[in-house]
Amino acid sequence: MDKDIRWFAARTRFGQELKVKQLLDRMGVENFIPTKSVHVERRGRKKLVEKPVINNLVFLRTDKERACTLANHLEVPVHYIIDRGSRSLLVVPDKQMDDFRRVLEYSKDDGGLLETPVAVGDRVRVVKGELSGVEGNIVEFASQNYIVVGLCGELQARAMIPLAYLERVDQAK
């Protein structure tokens, strides 16, 4: 089987995302679940907890053989998302996953996942600052400029960015 280490997208049961993450961490499997900090009240006391941003979604970084073994034989409760084009497990390219994670982390207070898809704008690359090297599309919300990074054609994250930090990417590359 294929021994290339890749990011695979998978679904799990509602409310089980963080338990799946703990299980994968114990097994030494690199994984990512987008989370946000929220205040919840329990027994009259407020507590800051991490909650998944996207219900039922987990990303695992491993080879295809181990990914299948985790779900089929080691009882990790995930079901892999299938790429309709290739009819195989959906693979997220490393660069795309890295950009997506960096934008989500950078934009925890002012940005984050977009509720609805945005219109496609100019393709840009960040050339200055903490997000240097990230590629995405530039959009405008409420007179502010944002870089938008997509993942698997389904998810989008945004971060506010000065136009001076951007350069247009040649789409022919």
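## Overall make-up

The chain has three helices and 15 strands, where a helix is a DSSP run of H or I with at least four residues and a strand is a run of E with at least two, numbered from the N terminus. Among the contacts (heavy atoms within 4.5 Å) with a separation of 6 or more, 63% are between residues 24 or more positions apart.

## Strand S1 and its partners

Strands count as paired if DSSP finds at least two bridges between them. Strand S1, residues 6-11, runs antiparallel to strand S5, residues 57-62, and six bridges join them. S1 also pairs in the antiparallel sense with S6, residues 79-80, over two bridges, and with S9, residues 91-92, again over two bridges.

Particular residues show where these pairings lie: Arg-11 has Leu-57 as its bridge partner in S5 and His-79 as its bridge partner in S6, while Phe-8 has Val-91 as its partner in S9.

## Basis of the values

The model is predicted, so that local features need pLDDT of at least 70 and side-chain atom pairs count only at pLDDT 80 or more, whereas totals for chains, interfaces and linings use all residues. Residues are numbered from 1 along each chain as its sequence is written, and side-chain values use heavy atoms, with hydrogens and water left out.
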